Amino acid sequence: MQKTEKKKASPMEVLKKVLGRQIFIPIAALLLLVLFNLIADPGFFAISMKTNSAGNPILTGYLITILDNGSELAILAIGMTLVTAAAGGQDISVGAGIAISGSVMLRVLCGTNPKPEAIQAPILVAFLIGCLAAMLCGAFNGALVAYFKIQPMVATLILYTAGRSIAAWVNQNQLPIVPPGPFSYFGGVIPGIPIPTPFFIAVACMILIALVLKFTTLGLYTQSVGINESSSRLNGLNPILIKFLAFVILGACVAVAGLIKVSRFSTINYSVIAKDIEMDAILAVALGGNALGGGKFNIAASILGAYVIQFLTTTLYKFNVRSDALPAYKAVVVILLVVASAPRVREYLNGLKKNMGRRLSRREVG
Amino acid sequence: MKKKLFAVVMAAAMVLGMTACGNQAAPTAGSGDGTIKVGIINNDPNESGYRTANDKDLKAMFTAENGYDATFAYGKTNDEQINAAQQMIQDGVDYLLLSAADVSGWDSVLQDANNQGIKVILYDRTIDADESLYVASIVSDMAKEGETAANWLKDQNLGEYNIIHIQGQMGTAAQVGRSGALNDMASAEGWNIVVQQTGDWNAEKAQQIVQSQIDAGNSFNVIYAENDDMAKGAVAALDANGITHGVNGDVIIMGFDTNKWALQELKAGNWNYDGQCNPLQASYLDDIIKKLENGETISEKTVIMDEKGFDATTITDEDIEKYGI
């Protein structure tokens, strides 16, 4: 009797384990979208080889578009997950941060002339200075949250409001245009490589953060600060430093995303660049099944969540859904997620699961 | 304490009210002595090159040297702008200059201004309100801009028209005017609109919209983008897929706002058409205010600025210098 019970319970357990895994949520969402597109139009998955105007080979198709346009979001999701886990709140100033760092990069590249014949500084220098600017913004947010104990959303509201004006001020309201050249590779393609560069940049960021989490204690410390700040302080951790660090890392992610964004058109539009991207980044974290109140986190799930959001966006574009209606569809996803993670619903689902298990085992006995 | 404050506010309001009356009673006095107090409500100056040029032009005109005491307020939405307008009305400005974010919802606040004897002048954008609520309106005729563009497109005598129509932010005067003209022409001429989508004045969105059409394998030969940024986004998508555009290209590119860089694209033959939208209204505004101060009446309530459409084959370097913003 005991033996049979054990045997019969194992598939249930496996199912439970799969359902219980955090990454299950974005995978399920992805499968749902894939299924929908397969039924609606399998042509969605077609990829073809073309030649772009510069004469370079390039792969095109909806899937490539998703990988291309979802990259900035995936990079931001990395930093946003860390901030969420450590501080138990979200940074809503990342879009403004992208505007600032992008503007700084263009300022360095173009100098005082908004339309130079050649770039005025090496791209690496421009990127590093832009990175510094974004990390300073991150440090500013981090200091407010970690040291002054201000609610993350309220603290980051400052830069959310002022950031785009600061970005415009950096270039004195001019719209610099970077002359054609290697700078456009970051948001386009490198000659000879048919896959958009943003995807490679995103992969590089993923590898980097994976290595950091594997070889340092950042992940563990972040998690423990997020779960219980005072007990981690009693155990010798410095919660202020950990939270601060999370915001600075998000700043670095913002700079990388900013580089891709300004490279796409070799110029900037202060008020619309990366507009509302913070909402998508937070949604990616939520879709990844991370607790928005801090604590345990899974960056891989957030990254997958980011690509799922782009998948949804691209799917809606394919069906010519009005682009100003896109937020409404995302809102539906948010509602589903929030409802599913509400304690009451969780309790009910757990009860259901237990009941089902009991009924199954009873049937086996009978 | 509260009572005292209330009394001070009331007193201030009365004084302001008296000066306002004084101005009305003796309109000729305005230009001679004292500055003219104007409240200027505009849209976000970072919104586009057009807006930046517009804001710069206003700031250069309404200075202390020119006899103005100007307060500037910016808002992306009607709510923000209406709040600013109410503040200015309380401050007792002589003139309220307004470029509204949205066409509707202005009746009550403008009525308030009129009750206080504040003269309202609209610039840049019209609103859906009774004409009696404002003394003048200096506008670009967006519908006419659209008509000029649509007529130009008709004159190209393409064998067939398959158009990707990228709209601006829905509900803005520019979007309504420019979309309306194309819609009318398309239904009259039997043109095929492949897709009509809003790009929110955003290059990235426009790129995704066009990329989506390319990925779907839809064929098109005209892109009608309602501003230059979106035309640029569309062109980026075409370039990424090796589709030729502009003069002698497969796809005709149309934009609006005559940014300098856009006119240069036009001159280089990468685009085909760019419609002007004149952002320099300050001199018109100054003219009207001076007339009112001298007690003259405004004969034409609506002043429509002259606007052109540029063709890639006929544009000159002088045009770029003169009309580029």
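The following legends describe several close-up views of a predicted two-chain model.

In this predicted model, local features require a pLDDT of at least 70, side-chain atom pairs count only at pLDDT 80 or more, and totals for chains, interfaces and linings use all residues. Residues are numbered from 1 along each chain as its sequence is written, while chains are lettered from A and ligands numbered from 1 in the order in which they are written.

**View 1**
Chain B contains 12 helices and 12 strands; helices (H or I, at least four residues) and strands (E, at least two) are DSSP runs, numbered from the N terminus. Of its 325 residues, 49% are buried. A residue is termed buried if 20 or more other C-beta atoms lie within 10 Å of its own, exposed if 12 or fewer, and partly exposed in between, with C-beta atoms placed from the backbone. The chain is divided into domain 1 (2–140 + 280–294) and domain 2 (142–277 + 310–323), with bounds that come from an automatic or database domain assignment. Among contacts in chain B with a separation of 6 or more, 74% involve residues 24 or more positions apart.

**View 1. The parallel sheet of chain B.**
This open sheet has 6 strands of chain B in the order 2-1-3-4-5-11, with parallel pairing; two strands pair if DSSP finds at least two bridges between them. Strand 2 (68–74) and strand 11 (302–304) of chain B stand at the edges, each with a single partner strand, so one side of each has no neighbour in the sheet. From one strand to the next, the twist averages 15°. Strand 5 (residues 136–139) and strand 11 of chain B are joined in the parallel sense over 3 bridges, and Val139(B) stands opposite Ile304(B) in strand 11. Helix 4 (residues 78–91) of chain B packs on the sheet, touching strand 1 (36–42), strand 2 and strand 3 (95–98). The direction of helix 4 makes about 170° with that of strand 1 of chain B; axes are lines fitted to C-alpha atoms, for helices over the stretch in contact, and angles run from 0 to 180 degrees between N-to-C directions.

**View 2**
Strand 9 and strand 10 (residues 273–275) of chain B run parallel and are joined by 3 bridges, with Gly255(B) opposite Asp274(B) in strand 10.

**View 3. A loop residue of chain B with positive phi.**
Thr258(B) lies in the loop between strand 9 (252–256) and helix 10 (260–267) of chain B. Its phi is near 45°, a positive value in a residue other than glycine. Thr258(B) is buried, because 29 other C-beta atoms lie within 10 Å.

**View 4. The contact between chains A and B.**
Chain A contributes 30 residues to the contact and chain B contributes 31 residues. Strand 1 (48–51), strand 2 (57–60), helix 3 (62–69), helix 7 (152–170) and helix 13 (299–318) of chain A each supply at least two residues of the side that touches chain B. That side of chain A divides into 9 nonpolar, 15 polar and 6 charged residues.

Note on methods:
Contact = placed C-beta atoms within 7 Å. Nonpolar A, V, L, I, M, F, W, Y, C, P; charged D, E, K, R; others polar.
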